[in-house]
Amino acid sequence: MFDIVVIGERCKECGMCINVCPKKILERGEKTNSRGFYVTYSPKPEECVGCRLCEYVCPDFALFIRPSSSPTYILVQR
Amino acid sequence: MVETQEVIKYPLDDYLRTERLPHIWCPGCGIGMALQALLWSIKELHEQGVIDRKKVCFFTGIGCTARASGFVKFDAIHALHGRAIPVATGAKLGNPSLIPIVFSGDGDIAAIGGNHLLHAARRNFDILVVMINNMTYALTGGQLAPTTPTGVRSTTTPRGNPENVMDTTKFVASLRPNFVARYSVTQPTILRTVFKKALPKRGFRFIEVMSTCTEIFGRHTGFRDPYELYSRLKKICKIKKISSIDEIKYDWENEITCGTFIDKDDPSFLDMYFKMYKPRGMVYGES
Ligand SMILES: Cc1ncc(C[n+]2csc(CCOP(=O)(O)OP(=O)(O)O)c2C)c(N)n1
Ligand code: SF4
Ligand code: SF4
């Protein structure tokens, strides 16, 4: 099981992670960061298989996957 | 969902000048994907004790790609356009214990810097060159590059490119340096492994990374969405084992052949130089 961690201020809403996810569990969030981008969100982190494709294609060092005992979508706000 | 102000570090944050992020690259640009793979390879090699990250230094020319020198946490030089290779060469000669990495665009390395590329490869000089090939001069708005596929539109060839294209990997391979490979940002884990292989080697190592420039190249070629351009690149970047370098293709319509085409361990420039000249006060390979 995995946490999906997104550093909100780095996201540029390119949508790469959303498109590559084989489980289709990522989506454009409803919250914007200070630059006005809608930050990637996951409503179902418990379905993540940890393939990390989303992490590899994120050009902005904004999203990563880490092992977790209680799968959570974490939005880091800094 | 958890929202937190707590500082959760991105795994590569120690290798990035995080205060400068977000970087300047457009949404979905492939340069960041390639840089991520490269930083992972450095991190893993450092943690395995194969290289010392403090010895790594970055050399870039001018271009979108070249802006990487401002985002990585290494000593870095953002050199003149096309001149990253000679600057890296000078650094390595001055201090042979350094691990210079040249990270720059196709325009920078293959076009204006082509002569430096030629001679560094010919000398089998001890640097790693990573050429990010987005097939255009992106920073300046999408002029024709020698790597722009024939027929493709650019700002300076509005009816399509009438020129023959340059296959930089084939060109460098003809000079027989120690390592020549071409991969794509659509092969991120392989890319990481290949960087890990090439980094600790001696001699000249050249890795061409096919990349996506959605904003300029994509717009001219009808792939306005980053994922569409990425998918197109993924389709044509085919990894193959070849028996002769003449077999590799650089064809935007069908196939851009990927793979490791040369991997040998001949004496490098510095090996030869230290053997023949025995420079006083300098020890090659030791810090
Ligand atoms: C001597 C000199 N000539 C021309 C330029 C203008 N110039 C800046 S970047 C660039 C091309 C960059 O293309 P590339 O190396 O492919 O990098 P990219 O932006 O595609 O990553 C050019 C022609 C310059 N800065 N200096
Ligand atoms: S790790 Fe794989 S399954 Fe999990 S969110 Fe990322 S792409 Fe989807
Ligand atoms: S112009 Fe192209 S290469 Fe430059 S940052 Fe934007 S997408 Fe990347």
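Visitor: How much area is buried between chain A and chain B, and what does "buried" mean here?
Guide: Buried area is the accessible area, taken with a 1.4 Å probe, that two parts lose on being put together, summed over both. In this predicted model, chain A and chain B bury about 2900 Å² between them, and carbon and sulfur atoms give 63% of that. On chain A's side, Lys12(A), Tyr56(A) and Phe61(A) supply 26% of the area buried against chain B, more than any other three residues.

Visitor: Which cut-offs apply to a predicted model?
Guide: Local features need pLDDT of at least 70, and side-chain atom pairs count only at pLDDT 80 or more, while totals for chains, interfaces and linings use all residues. Residues are numbered from 1 along each chain as its sequence is written, chains are lettered from A in the order in which they are written, and side-chain values use heavy atoms, leaving out hydrogens and water.

Visitor: How many residues are in contact?
Guide: Contact means heavy atoms within 4.5 Å. Here, 31 residues of chain A touch 35 residues of chain B.

Visitor: How many salt bridges cross the interface?
Guide: Look for a side-chain nitrogen of Lys or Arg within 4 Å of a carboxyl oxygen of Asp or Glu. That rule finds two between chain A and chain B. One of them joins the side chains of Lys31(A) and Glu3(B), at 2.2 Å from N to O.

Visitor: Which strand of chain B does E5(A) join?
Guide: Strands are DSSP runs (E, at least two residues), numbered from the N terminus, and two of them pair if DSSP finds at least two bridges between them. E5(A) has three bridges to strand E1 (residues 2-4) of chain B, and the two run parallel. Within E1(B), Val2(B) is the bridge partner of Ile74(A).

Key: Helices (H or I, at least four residues) and strands (E, at least two) are DSSP runs, numbered from the N terminus.
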